Amino acid sequence: MSTANTTTTTVLASANDESHLVTYPRFLWECLKISFAGGPIFYAWMTLLTALALVGANAWANQMGEGMILTNMTDHVSWGLYIANFTFGVGLAAGAVMMVIPAYLYDDEEMHDVVIIGELLAIAAIIVCVAFVIVDMGRPDRLWHMIPGLGRFHWPMSMLAWDVLVLNGYLLLNLHITGYMIYSRFIGKPLRRTWYVPFVFLSVAWAISIHTVTAFLYTGLGSRPFWNDAIIAPRFIASAFVTGPAFLILALNLIRRLGRLEIPDGPIETLTSILRVTVWINLFLLSAEVFTQFYTGGTHAASAHYLYFGLEGKRALVPWIWSAIALNGTAAVILISPAGRRHAGLVLVSCVMTFTGVWIEKGMGMVVPGFVPSTMHELVEYVPSLTEWKLTVGIWAMGIGIFTVAVKIATHMLTGRSGLGPAARSRGGRH
Amino acid sequence: MSDLTRRAALGAIGATLGAAAFAKAMEPLQKFTSGITLDQFLQRHYRELSPEDVQVLLRRVEEDTLRDRGAHVEVRDDKPIPGVQFGYALNLSVCNGCRKCAEACHEENNHDRATNQSYIRVFEINQGSIDFETANTTYDHAVPAPGKYYMPVQCQQCDNAPCVSVCPVEATWKEEDGIVVIDYDWCIGCRYCEAACPYHARRFNWTKPEIDAEEINPDQGYLSNRVRPQGVVEKCHFCLHRTRRGKLPACVEACPTGARVFGNLLDPDSPIRWVLDNKRVFVLKEELGTRPRFFYFFDS
């Protein structure tokens, strides 16, 4: 590695002499070019995602014009599908750290080579989260009221203010880490550890913080017993470490097939090992919560009753939550069964199942029962409207599009197919 | 035509089509953006305004109401009166569930006509318990019904208000006379306060409130009953545009049974003090530690 770096440095001396003011715009221009260049599969995929995102954009424009009356939320169930997806998305962003920990804390060399995929997932997921918060706001034109210094930022009292800080901080950390790595490779300069390693370690702790603070949004509300529960934060972290690895296993397999970045088996195996444990921890925490709710009973368990069995004939969430439990349970069994260990295909199926299961369980299954029954014990049900579904699909399409393009840029640059100077082309995808 | 130029041409066409589709998709947003003036967009938080700024703002709100709603109104900014701490008590033994209070609130506070909105909801509860699980607010029969009693619930003006703590932009706060208010022009509409309130006291404007010009109560307060914009939260404000001028809240005035008692907690001769001194009062959900300023009692 060190000899390779020395030769690279000499060959690229001319490129290195140029100021960043020249090379950085060239880097951005190159990123833009890569984003729009590709084969038929890439074009078809991006066209589909763009079309879906546009449907979402149109739904949002309508929602702003007519008001949030176009959603099915009410004063009783005042958060719904948007905040459910926001909560899930924060978990996905935090779960991406499960590639960073093996790579940097345990010096897993093979993981090191592909860890950037996890960091890019974190970026895309945070952007998705921010989008879900914005579409849930009645007055996004007043977003600037939240900017510290410009507006009135209610910190440290409001947990939402904390969330704004940690989510944006996590976004910036990951943008810096990935941006620095890709840009360094582009200009052919060796990485300087002081420029990224401290940030990587910070991002590990920060990943835990984003989901803990998001849990505190709910657990701090004494008026809603379903949320006012210390187990929510541990459950969020556990399920984040289910969805993160599950998504990444699927993504790595896809990149291996469609992209040009070499993905060794090691990282996929490591992530599968993590997933094997975390699906069970997630189920264990769920059962601890279910026991406490139902054995105690009483008014405090009314939301749990509504969620799992329905209450007074109202049972909108019952099919959802049992689907989630079936998906998570089946995936957990497959992952530890002998067959699940032998067949890579079964692992992929389990990933899809548990990813969907957690999406239900900690999305709609966590947010909506907090409101049903409401604080004065009124039973008003909530089923998302078409507008809400359009926006949700649109935002995820945007997020997946961002992830696709980011991975494309990263693999292009890291495999040396783009860069200043010929030496960049001869190097592998390592950093 | 070389391959390169053909690709560039195709790319340009694609980009143009994409941009056009985006513009078309976002077109309905105009209905929202055209309703917001630059002054409104840049307006500062109420508590950062000088007395002169406030006057300018009040006139602007009046002009906006005339332009948008066709109604001539007077918007004032009544400040808390030193030495006054407002409190409220409600006699459950005499309340008969007629909901005149909710109606008076609806008219006084320029509520949305389409939803028949009000800051007050009256629970019909079975005698022998204070069990909200078997209570309901949607009863539709002659009152009082046998075996039932009635508990109106509105903002409890908590001294330790969860809604105030959770607001990320300080759009809601407790005034010096104990009233929890909202700057409707600062609220971002995240509805975290709605999730936090234990009493279901807060309402969100899911769409632009609907109210005819001739029905608008022209006697308005900036922090109270002016017509609210779309997309913000609102709540009971003890009719501060009345009470800070020595009048009673509309709900107290409208109550035919005398169940509602309102006044200055610091005035030893006030009716509210008499109730607190002579009745065994309780507050709703005392265990949450919200310290309400709204008390309930039974005659006995």
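How far apart do the C-alpha centres of domain 1 of chain B and domain 2 of chain B lie? They lie 51 Å apart. Domain 1 of chain B covers 1-34 and domain 2 of chain B covers 86-297; these bounds come from an automatic or database domain assignment.

This is a predicted model, in which local features need pLDDT of at least 70 and side-chain atom pairs count only at pLDDT 80 or more, while totals for chains, interfaces and linings use all residues. Residues are numbered from 1 along each chain as its sequence is written, and chains are lettered from A and ligands numbered from 1 in the order in which they are written.

Chain B contains an open sheet of four strands in the order 10-2-12-11, with mixed pairing. Strands here are DSSP runs of E with at least two residues, helices are runs of H or I with at least four, and both are numbered from the N terminus. Two strands count as paired if DSSP finds at least two bridges between them. Strand 10 (260-264) and strand 11 (281-282) of chain B are the edge strands, each pairing on one side only. Strand 11 of chain B is joined by two bridges to strand 12 (residues 294-297) of chain B, and the two run antiparallel. B:Phe282 has B:Tyr296 of strand 12 as its bridge partner. Strand 2 of chain B, in contrast, runs parallel to strand 12 of chain B and is joined to strand 12 by four bridges. Opposite B:Leu90 stands B:Tyr296 in strand 12 of chain B. In general, strands of a sheet pair through backbone hydrogen bonds, either parallel or antiparallel.

Next come the loops and a helix end of chain B. B:Arg99 sits in the loop between strand 2 and helix 5 (100-108) of chain B, and its phi is near 65°, a positive value in a residue other than glycine. The loop between strand 3 (121-126) and strand 4 (148-153) of chain B holds B:Pro144; the peptide bond from B:Val143 to B:Pro144 is cis, with omega near -10°. Helix 4 (residues 51-69) of chain B has 19 residues, which should span 27 Å at 1.5 Å a residue, and its end C-alpha atoms are 26 Å apart, which agrees. The expected span is 1.5 Å times one less than the number of residues. Just after helix 4 of chain B, B:Gly70 takes a positive phi of about 70°.

Where the two chains meet, 43 residues of chain A are in contact with 48 residues of chain B; contact means that the C-beta atoms, placed from the backbone, lie within 7 Å. On the side of chain A that touches chain B, helix 4 (40-66) and helix 8 (159-187) of chain A are the elements that give two or more residues. Helix 4 of chain A supplies the largest share, nine residues. That side of chain A divides into 18 nonpolar, 17 polar and eight charged residues. Ala, Val, Leu, Ile, Met, Phe, Trp, Tyr, Cys and Pro count as nonpolar, Asp, Glu, Lys and Arg as charged, and the others, Gly among them, as polar.

Within chain A, helix 3 (residues 20-36) and helix 17 (residues 386-414) pack at an angle of about 115°, with their axes 9 Å apart. Axes are lines fitted to C-alpha atoms, for helices over the stretch in contact, and angles run from 0 to 180 degrees between N-to-C directions. A:Cys31, A:Ile34 and A:Ser35 of helix 3 meet A:Val405, A:Lys408, A:Ile409 and A:His412 of helix 17.
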